[in-house]
Amino acid sequence: MIRIIRRQSPARIIAFGFASLILFGSFLLMLPCSIRDGVTLRYIDALYTSTSAVCVTGLIAVDIGDTFTPIGQCFLALLIQMGGLGVTTVGVGIILAMGKRVDIKSRSIIQEAMNLNSGKGMVRLIRSIFFVTVLFETIGAVLSLLVFIKDYPFPSALGISIFHSIATFNNSGFDILGNYQSLIPYRDNILLNIVTCVLIFFGGIGFLVICELWKSRLNLKKISMHAKVVLSMSAVLILIGALLIKLTENVTWLGAFFQSISARTAGFATYPLSTFSKSGLLVMTVLMFIGASPGSTGGGIKTSTVFVLVQGIRSAATNKIEKAFRYTIPEETFRKAADITLLGLGVVVIGTYLMSVYEPDIAVGDIIFEVTSAFGTVGLSTGITPNLGTDSKLLSILIMYIGRLGPWTIATLWHFSKGERIQYPEGNITVG
């Protein structure tokens with residue numbers, strides 16, 4: 001069995017790894033020790049929760065705090081951690097911890113999973129990823145504890161803080177506060193808002209960018225073009241999103257800033273989204289569709305994809321070479337960005353259509369928001385998730401799975417020939 005799996009392409013191995021972890025997680029969540037006394041959990045809801053955790057989404061069919069015991073919540077945190085780091089990253093980390101060498105096949109899988117252009121320095125990168133994760137999550141847990149200790153006994157506050165830090169850095173909008181309340185009770189707590197935003201931001205820009213910032217000692221002149229694109233796009237989206245949300249919703253500037261960051265990948269809410277206007281939900285839908293950055297714990301089509309698309313359109317309109325930060329953007333990069341965007345739109349459109357068929361009584365606006373949240377592995381919802389039927393939940397599971405792996409990885413699960421033997425003359429097609 002293992003030999004058969006290792007013969008497959010890296011994309012297939014990654015897809016199989018995530019699917020296996022989701023199924024294993026669903027069985028863990030169904031164990032009697034995972035479920036609180038007097039609570040009945042259907043398998044479809046356990047599967048949905050496991051998928052949401054492994055795909056670091058945060059959409060919930062049942063309330064985490066009211067349904068699962070501390071043991072079940074530990075299982076959930078473990079699934080979030082493994083899903084955020086990536087199954088292959090965790091696997092290679094275990095290999096390194098055992099003192100064994102990482103073979104070429106494992107390196108190619110990591111390269112595929114993290115969208116790397118080269119396999120050089122792979123072992124060093126994996127070690128850096130684990131170090132960065134432990135560092136950020138430890139600091140986040142300690143600072144969160146200063147907030148939760150005021151409302152909960154120390155053991156409960158410690159557990160909530162650790163869970164919150166893991167979920168936040170991995171951009172998964174799970175909480176264990178109970179009653180589907182997310183972080184609404186702490187909307188005015190400046191410390192928790194800032195800590196959560198910082199963890200979301202660094203978890204969303206990607207491990208490669210974090211490592212570059214660390215090595216350059218925050219000297220932006222010494223970082224790569226990719227890092228500059230990620231940081232600039234993230235800043236622009238956060239500011240524009242916060243401004244538009246503030247203009248359309250009755251929220252504070254802190255709330256607008258928080259929701260702008262959370263909407264791109266995390267899924268935490270400090271205000272009930274069911275009270276948001278259609279324009280505010282539209283802004284958040286766009287942010288969710290764009291998502292995080294390559295090599296991060298978030299989903300969506302990615303910030304760099306949007307940047308390349310904008311630069312490509314600008315280049316076509318002005319008849320100039322695609323360039324940014326004194327670098328030329330390769331033409332094939334624009335083509336890949338366009339492919340990813342079209343594939344992402346296809347997933348959202350088809351998913352919205354099917355869920356509208358399954359749930360005719362739910363407003364199409366809420367369905368678009370739900371489907372985009374699943375695709376972007378965000379976890380925000382207008383409140384319709386627990387009321388979805390089995391068909392809709394299975395559809396959402398598939399969309400979350402596609403969103404976590406990425407539409408490009410899904411599209412390349414099948415082997416393609418290296419090239420056509422027969423060449424045809426180029427034809428003219430009028431477009432635009």
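Before we click on anything, one term: buried means under 20% relative accessible area, exposed means over 50%, and partly exposed is in between (1.4 Å probe, protein chains only). This is a predicted model, where local features need pLDDT of at least 70, side-chain atom pairs count only at pLDDT 80 or more, and totals for chains, interfaces and linings use all residues. Residues are numbered from 1 along each chain as its sequence is written, and side-chain values use heavy atoms, with hydrogens and water left out.

**Whole chain.** Show the cartoon: the protein chain has 19 helices and 2 strands. Helices (H or I, at least four residues) and strands (E, at least two) are DSSP runs, numbered from the N terminus. Of the 432 residues in the chain, 53% are buried.

**Stop 1: Thr-168.** Select Thr-168, in helix H9 (residues 154-169). Is Thr-168 buried or exposed? With a relative accessible area of 0%, Thr-168 is buried. Leaving out residues up to four places away in sequence, Thr-168 touches Thr-196, Leu-199, Ile-200 and Phe-268; contact here means heavy atoms within 4.5 Å.

**Stop 2: Asp-45.** A salt bridge is a side-chain nitrogen of Lys or Arg within 4 Å of a carboxyl oxygen of Asp or Glu, and the whole structure has 2 of them. Arg-42 pairs with Asp-45, their closest N and O atoms being 3.5 Å apart. Lys-393 also bridges to Asp-45, with closest N and O atoms 2.6 Å apart. That pair links distant parts of the chain: Lys-393 sits in helix H18 (residues 390-405) and Asp-45 in helix H3, 348 residues apart. Shared partners join Arg-42, Asp-45 and Lys-393 into one network. Asp-45 is buried at 7% relative accessibility, while Arg-42 is partly exposed at 42%.

**Stop 3: Glu-249.** Now jump to the loop between helix H12 (225-248) and helix H13 (253-264), where you'll find Glu-249. What does the side chain of Glu-249 join in a polar contact? The partner is the side chain of Ser-277, at 2.4 Å. A polar contact is a pair of N or O atoms within 3.5 Å; within protein, one must be able to donate a hydrogen and the other to accept it, and residues adjacent in sequence count only if both atoms are side-chain atoms. The Glu-249 side chain also reaches the backbone nitrogen of Gly-280 at 3.4 Å.
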